[in-house]
Amino acid sequence: MKHSGSRSPRHPGHLTRRSLLASAALLITTGGTRARVVTKVLPWDPNEAYPVVPVKPGGYLFFSAAEAAAVDAIVDRLIPTDELGPGAKDSGVTTFIDRQLMGPFGGHDWLYMQGPFAAAPLPSQGLQSSLTPRQQYRQGLAALESYCKTSFGGRDFVQLNADEQDKLLAGMEKGEVTLPNFSSKMLFAAIHANTLEGYFADPIYGGNRDMAGWKLVGFPGVRYDYRDVIEKPNQAYTLPPVGMQGRPAWGAR
Amino acid sequence: MVRRLPRKDVVIVGLGWTGSILAYELSRTGLEVVAIERGPWRDTATDFNIGTAPDELRYAVRHDIFLRPKQETLTMRNNPSQTALPIRKWGSFLPGNGVGGAGVHWNGQTWRFLPDDFRIRSHMLERYGEGIFPENHHIQDWPVSYDELEPYYDKFEYLAGISGKAGNVKGRIQPGGNPFEGARDRDYPTPPMRQGYAQELFTKAASGLGLHPFPRPSANISVAYTNPYGCSMAPCTYCGFCERFGCANYSKASPQTCVLPVLVRQPTFEARTECEVTKVNLAGDGKTATGVTYVDAAGEEWEQPADVVLVCAYALFNVRLLLLSGIGKPYDPASNEGVVGRNYAYQTGSGSTAFFEDAKFNSFAAAGSLGVAADDYNSDNFDHGPHGFVGGASITSAHTNGRPIQFHPTPQGTPNWGSQWKKAVRDTYQRVTSVGAQGSVMSYRNNYLDLDPTYKDPLGRPLMRMTFDYQDNERKMANWMADRCDEVAKAMGAKTTQVNRLVGPWSVVPYQSTHNTGGAVMGSDPKTSVLNRYLQSWDVSNVFVMGASAFPQNAGYNPTGTVGALTYWSLDAIKKYLKSPGPLVQL
């Protein structure tokens, strides 16, 4: 019998190896029940069963060219390139967000999305919107574009100068800007959260290029063994960061 | 149509810490044991592989190994006058899923509760009188004492290889340990972890203030260790990927490292994963369980008959399964009657963030239970008379990680973005530490669990509804503790500090603690407890319920040590029950 997989596959499309594992030795049926049955031997196999597929930069899968340009401009203000090093745009954060939106995060696939959705939830009740991240970006960016064109004499966000952009973003952060049919606060919160994620996540996801975010703070990445550091309290850590795919000095991947 | 499978001696619901320990101990006696787990099978090499395990985005932010709210969540509100809404995305707490359960993704702080914690009601009454208790409280003594549990704490600590320093061996206070702890028979199985620079400063400062700091007991172990089952663990490398992650180093105690390798070799044991138990089935008299019903990965329903049902899911889901199965009378706060869902409690967090002029805390070199604590303000180790609250907290200096998506603190007043933010993040990362207070939460009439009238899971069963808020007693306690933390932070040499108080209603948004307790509490009186002192259901004597759902209220500690001890304590009783079935406590 073929392994039927879990009811909510963790990484749709990447079940092959785990399924193979299961069908080779482990899927024993007990009177027909479709369970994965483990008995008498510990099921394991070298290497990760659901490895992350590295993001290949280049082009956009979710964003249109105009949306990508707007996101580029926004994240460039949220974490600017300055004397301290590359910012979000120059670290690939727009690509990071684009690819995240295409995955389970973009559809809130793992969240509880059944209604009814309350009109006036308590702040303590957290996320209560029916809008997925994909919908938030698509509708929110369109609303921002329309707002800019109306309020700034036909210019869109990309065409505003840095001061105008900062002022607008500050207003959106506080929810003081009224976009047509979309919460400016929600759009700001989504982009802000995803920008931090992309800037500091492992470079395998497309952001944090050259580990710019990690270098900014001095996070060494995934070295996974700091016994030497714990032996030397209050001393600077000097080795360069390493990501899940190594680091550039080890050769291109 | 539900199809019936061949009978087993024991069916276990959920294969985490408690389920795996019971499965091993019972199957090794020759009993036929089946464990039914709704999540996937998980193993170190395949699921927490070293090449992919240290992935903050995937595990810490996107919650890859946690229960998916889509599969099951709860609804929540702060008080009974409000309408509960579903927790659509986990925040305040993170329930586990799959083989290993929350024992996969925990930090590993493995405490014993103090002797006074087990008789808190009697003790506080004797020392302070009835007036010390908060309004509408449900504080009650545990039906077991510390001395009764001591050998079982010992068993769990030796199973998990806990690294620590004893403070009280057979009544003799040990230098460097916690002088407030209950007497233990012997020291921890492995020596304490190495500590970082912040802990060095904390130890000096706290000692200077008259406190008694000690390295906290850790399931991220300091040296290689082989446990009494024959499972081996490797020394912790301080990688800083513990909570929210599986350990790729075999260094964090979990069912995977400590139990499963020997459990699966038991010929009478079988695990069925990706199967969700929907109900414990009862015989016509309502007093005997006949087994469980579950839904498999294809959506088919099956009945698994068994002589004994061990409910070993996460605390919250134990309570829901009892409610859905009709075992025990559901609690009703209006009449203050019923027991299932009663005495839900949680944990407080408060403290002080400390910014230093010049320091390199290297917080990325860390482990989930690396840290130094002082128990001078925990339980009743200090005079509560002047303060007017019940409970206490452990005061701790710890670094569990330096993972930058979620750890990039800035001083108050820093903008949330832009070049100023970027500079503040860079300047602060190495120079910030904190002193925290993890505190107790008492039980109250209006903090409880029941079934939601509106929202359902994908199988059409009602979600559980959580009604909870911190009460004045907890706010008073936590905020007093925050000031104590701030004193220590200042004494450590911080240039500036920020006091973090418990303000506003409890919110599901920021992460706080996955220490959800109560709802199926153990006790001496069936009117105020679901389980007797052996974790046996008062109503259905072949059902035993493990986990922190049994805590009558929560202490100022992480729950897992006590959950482990209670499991071994109950195991002895289950064995007794198997020889001579029936209620183990006669009224």
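Trainee: In chain B, what share of the contacts with a separation of 6 or more comes from residues 24 or more positions apart?
Mentor: The model is predicted, so local features need pLDDT of at least 70. Contacts in chain B with a separation of 6 or more are the ones counted here. Residues 24 or more positions apart account for a share of 75%.

Trainee: What is the radius of gyration of chain B, next to the value of the globule rule?
Mentor: Chain B has 14 helices and 22 strands. For its 587 residues the globule rule gives 25 Å, and the chain comes close to that, so it is as compact as a globular protein of that length. Its C-alpha atoms fill a box of roughly 70 × 55 × 50 Å along the principal axes. The radius of gyration is 23 Å.

Trainee: What percentage of the residues in chain B is buried?
Mentor: Buried means 20 or more other C-beta atoms within 10 Å of a residue's own. Among the 587 residues of chain B, the buried part is 63%.

Trainee: Which strands of chain B are the edges of the six-strand sheet?
Mentor: The sheet is open and antiparallel, in the order E8-E16-E17-E18-E15-E21. An edge strand pairs on one side only. In chain B that picks out strand E8 (214-215) and strand E21 (496-500).

Trainee: Which helix of chain B packs on that sheet?
Mentor: Look for the helix that touches E15, E17, E18 and E21 of chain B. Its direction makes about 25° with that of E15(B). It covers residues 472-491 and is helix H13 of chain B.

Trainee: In E18(B), which residue stands opposite B:Ala393?
Mentor: Five bridges join strand E17 (residues 393-397) to strand E18 (residues 432-439) of chain B. The two strands run antiparallel. Opposite B:Ala393 stands B:Gly439.

Trainee: Is B:Ser350 buried or exposed?
Mentor: B:Ser350 lies in strand E15 of chain B. It touches several residues beyond four places away in sequence, including B:Ala437, B:Ala478 and B:Leu502. It has 26 C-beta neighbours inside 10 Å, so B:Ser350 counts as buried.

Trainee: Which helix packs on the four-strand sheet of chain B?
Mentor: That sheet is open, with mixed pairing in the order E5-E4-E20-E19. Its edge strands are E5 (85-86) and E19 (448-456) of chain B. The helix touches E4, E19 and E20 of chain B, and its direction makes about 125° with that of E20(B). It spans residues 315-325 and is helix H11 of chain B.

Trainee: Which residue in E20(B) stands opposite B:Leu451?
Mentor: Five bridges join E19(B) to strand E20 (residues 462-467) of chain B. These strands run antiparallel. The residue opposite B:Leu451 is B:Met464.

Trainee: How many residues does each chain bring to the contact between A and B?
Mentor: On the chain A side, strand E1 (36-38) and helix H6 (184-200) are among the elements that each supply at least two residues. By class, that side has 43 nonpolar, 19 polar and 16 charged residues. Chain A brings 78 residues and chain B brings 82 residues.

Trainee: In E11(B), what is the bridge partner of A:Arg36?
Mentor: Three bridges join E1(A) to strand E11 (residues 269-273) of chain B. The strands run antiparallel. The partner of A:Arg36 is B:Thr273.

Trainee: How far apart are the end C-alpha atoms of H6(A)?
Mentor: The buried residues of H6(A) include A:Leu187, A:Phe188 and A:Ile191. The helix has 17 residues, and at 1.5 Å a residue it should span 24 Å. The model agrees: the ends are apart by 24 Å.

Methods. Residues numbered from 1 in each chain as written. Chains lettered and ligands numbered in written order. Predicted model: local features only at pLDDT ≥ 70, side-chain atom pairs only at ≥ 80, totals over all residues. Contact = placed C-beta atoms within 7 Å. Nonpolar A, V, L, I, M, F, W, Y, C, P; charged D, E, K, R; others polar. Pairing = 2+ DSSP bridges. Axes fitted to C-alpha atoms, helices over the stretch in contact; angles between N-to-C directions. Rg over C-alpha atoms; globule rule 2.2 N^0.38 Å. Buried ≥ 20, exposed ≤ 12 C-beta atoms within 10 Å, placed from the backbone. Expected span 1.5 Å × (residues − 1).
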